[in-house]
Amino acid sequence: MSEPAANPAVNPAATSFPTATITLPLGLGVLRTYSGALLCLEILFGGLVWILVASSNVPVPLLQGWVMFVSVTTFVFSSAYLALLITGLADRINTDWNFLDLFYHFIAVLFYFAAFVLEAATTAAVKIQPNQTACITKPPSNILTFLNSRQYSINVVATIFAFVVTLCYGCSMVMGFKRWRK
């Protein structure tokens, strides 16, 4: 006797999907966790970096353009991630959210650290003159950029907030790593 052939249309691997893997609470409960609080701080301080760099007289557009790109991009992605967690849509998307959380925060730490270093280098290259103006001491071109003390102070504050956001993303990455290992 021959064995009955298996019906290929009833393959359970083809009809079942893995469930979403997420250890963060969904809904407004995510805001009561350290990860949710850090995510809110990342959005808040990242938005401040974005606003400060945009409001300053950009002495080196190439360097501060990267800072703007990183701050705007991570602001949008962090806001979208928080919206997915608050609305509960993350539970409906079948993926390993713990790994995506770790991966996103790792990339964000790398990008924001680079943005912080570039913003700090741009700010450090500015020299304050006695008459309350500042200029870039060694510009990449032959054009000097002059800043007043207010513009210089805005760049200093943007550098500080870029460092704070880098720390927030770093802490989120460490907590994401602990969730992913479980």
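I count a residue as exposed when its relative accessible area is over 50% and as buried when that area is under 20%. The model I am reading is predicted.

**Entry 1: P61**

I started with P61. Its relative accessible area is 56%, so P61 is exposed. I then looked up where P61 sits, and found it in helix α3. Next I checked P61 against T122. The two are 61 residues apart in sequence. In space, their C-alpha atoms are 9.7 Å apart.

**Entry 2: the cysteines**

How many disulfides are there? I took the cut-off for a pair of cysteine sulfur atoms as within 2.5 Å. By that rule I get 0 disulfides. I looked at C168 and found it in no disulfide. The nearest cysteine sulfur to it belongs to C171, 6.7 Å away. I ran the check from C171 as well. Its closest cysteine sulfur is in C168, and at 6.7 Å that is too far for a bond.

Is C168 buried or exposed? I read a relative accessible area of 8% for C168, so C168 is buried. For C171 I read 41%, so C171 is partly exposed.

**Entry 3: the nonpolar cores**

I went to the largest nonpolar core next. It has 17 residues. The ones with the most contacts inside it are V49, V53, V67, Y112, A162, V165 and Y169. Which helices supply at least two residues each? I noted α2 (34-55), α3 (61-87), α4 (97-124) and α5 (149-181). The largest share, 6 residues, comes from α4.

**Entry 4: around V49**

I picked V49, one of the residues with the most contacts inside the largest core. What is V49 in contact with, leaving aside its neighbours within four places in sequence? My list reads V67, S71, Y112, A158, F161, A162 and V165. Of these, I had already written down V67, Y112, A162 and V165 as residues with the most contacts in that core.

**Entry 5: α4 against α5**

Last, I looked at how α4 and α5 lie. Their axes come within 8 Å. They cross at roughly 160°. I count angles over 145 degrees as roughly antiparallel. Therefore α4 is roughly antiparallel to α5. I looked up the hand of the crossing too, and for α4 and α5 it is left-handed.

Notes: Residues are numbered from 1 along each chain as its sequence is written. This is a predicted model: local features need pLDDT of at least 70, side-chain atom pairs count only at pLDDT 80 or more; totals for chains, interfaces and linings use all residues. Side-chain values use heavy atoms; hydrogens and water are left out. Buried means under 20% relative accessible area, exposed over 50%, partly exposed in between (1.4 Å probe, protein chains only). A nonpolar core is a set of buried Ala, Val, Leu, Ile, Met, Phe, Trp, Tyr and Cys residues joined through side-chain atoms within 4.5 Å. Helices (H or I, at least four residues) and strands (E, at least two) are DSSP runs, numbered from the N terminus. Contact means heavy atoms within 4.5 Å. Axes are lines fitted to C-alpha atoms, for helices over the stretch in contact, and angles run from 0 to 180 degrees between N-to-C directions. Angles under 35 degrees count as roughly parallel, over 145 as roughly antiparallel, 65 to 115 as roughly perpendicular and the rest as oblique. A crossing is left-handed if the near helix is turned anticlockwise from the far one by less than a right angle, and right-handed if clockwise.
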